Amino acid sequence: MSVTVVGSGNVDLVSQVERIPLPGETVLSTGFATHAGGKGNNQATAAARAGATTTFVGAFGDDDNGARLRESLTGSGVRPLVRTSDEPTGTALITVSATGENAIVVNAGANATLTDLTQEERAAIAGADLVLMQLEIPLATVVAAAEIASGRVVLNAAPAQRLPCELLTHVDLLVVNEHEAALLGGADHLLTVVPALVVTLGAKGALVRTRDTTTEVPGIAVDVVDTTGAGDTFCGALVAALDEHRPLDDAVRFASVAAALSVRRAGAVPAIPTREEIDDFHP
Ligand code: ADP
């Protein structure tokens with residue numbers, strides 16, 4: 001049993017400010033922190049902490065941020081199959097105002113160089129029981145990996161963007177939030193192409209759809225501290241449960257517990273729960 005996550009790694013540089021600066025303006029921050037991030041990195045971390053044997057295929061720069069992400073992955077038990085790129089490690093410059101508004105500049109950096117999969121990367125994808133991907137790396141690489149995969153392909157179609165049919169025909173399970181589902185033409189339309197779909201509904205939980213069935217998995221009420229990375233925790237935990245051959249509805253319940261636990265803590269990676277925490281949680 002094994003999971004391979006193909007995706008992005010970023011370092012998030014987060015500044016707290018009274019208000020978002022206008023063009024040309026400089027404001028002083030009231031707080032600053034850096035966190036490991038990027039959807040691929042977050043989801044691989046979540047899968048490994050939830051108990052799956054996990055490999056991460058990605059690209060980082062030859063810099064301190066890259067070293068930090070590698071350390072974070074191995075510290076969570078992920079095998080990093082990571083290329084060293086000439087481009088800098090991806091960054092997200094995040095400015096959060098006192099009212100909770102944000103302004104974000106993402107530099108894809110090394111993530112954009114994850115093209116032309118190597119023999120070793122292809123083997124890690126072809127040999128996995130589950131391959132989990134998102135859309136923060138070149139789309140052609142996502143398509144190529146979906147074609148190579150012999151196990152189940154789970155695609156988290158985030159950030160929202162239109163997708164070629166050649167990709168969706170290789171997807172066994174699509175995970176989207178309401179906004180992404182709408183952009184892709186709605187659940188009914190998507191189910192004409194993919195056999196199964198999970199629509200996450202924030203605090204309300206998630207909807208599990210196949211062509212014949214609909215199951216509502218209610219949200220779990222928790223004290224919310226920070227929802228950053230909730231969707232990523234959900235996806236990682238979901239594939240970990242599927243890797244244990246749990247039925248889809250059951251795997252979504254497990255993922256909902258993991259995601260709910262993650263919103264109770266600040267940050268993305270620091271908030272991702274371990275298997276023990278997920279199993280011990282009784283709402
Ligand atoms: P995204 O962050 O990708 O937009 P959602 O907001 O739908 O995705 O959240 C993903 C999952 O995280 C939800 O299905 C739910 O399980 C969990 N979640 C998100 N927000 C909360 C919350 N406030 N309380 C409990 N669980 C939450």
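Of the 16 residues around the ligand, those that come nearest are Asn177, Thr200, Gly202, Gly205 and Ile220, where a residue belongs to the surroundings if one of its heavy atoms lies within 4 Å of the molecule. The model is a predicted one, in which local features need pLDDT of at least 70 and side-chain atom pairs count only at pLDDT 80 or more, while totals for chains, interfaces and linings use all residues. Residues are numbered from 1 along each chain as its sequence is written, and side-chain values use heavy atoms, with hydrogens and water left out.

Asn177 brings a polar side-chain atom to 2.9 Å from a ligand oxygen. Gly202 has a backbone N or O atom 2.8 Å from an oxygen atom of the ligand, and a polar backbone atom of Gly205 lies 2.9 Å from a ligand oxygen. On its own the ligand has 560 Å² of accessible area, of which the protein covers 80% (Shrake-Rupley method, 1.4 Å probe; for residues, only the protein chains shown count as cover).

Helix 8 (230-243) and helix 9 (248-263) are the elements that give two or more residues to this shell; helices (H or I, at least four residues) and strands (E, at least two) are DSSP runs numbered from the N terminus. Helix 9 provides the largest share, four residues. By type, the shell holds 10 nonpolar residues, six polar and no charged (Ala, Val, Leu, Ile, Met, Phe, Trp, Tyr, Cys and Pro count as nonpolar, Asp, Glu, Lys and Arg as charged, and the others, Gly among them, as polar).

Gly202 sits in the loop between strand 11 (196-200) and strand 12 (205-210). Gly202 is exposed, at 62% relative accessible area, where exposed means over 50%, buried under 20% and partly exposed in between (1.4 Å probe, protein chains only).

Helix 1 (residues 39-49) is largely enclosed by the rest of the structure, because 10 of its 11 residues are buried. Just after helix 1, Gly51 takes a positive phi of about 115°.

Thr89, in the loop between strand 5 (79-85) and strand 6 (90-97), is buried, at 2% relative accessibility. A polar side-chain atom of Thr89 lies 3.1 Å from the backbone nitrogen of Gly66. Leaving out residues up to four places away in sequence, Thr89 touches partners including Gly9, Phe60, Asp63 and Ala110 (contact means heavy atoms within 4.5 Å).

Definitions and conventions
Polar contact = N/O pair within 3.5 Å; in protein donor to acceptor, adjacent residues only side chain to side chain.
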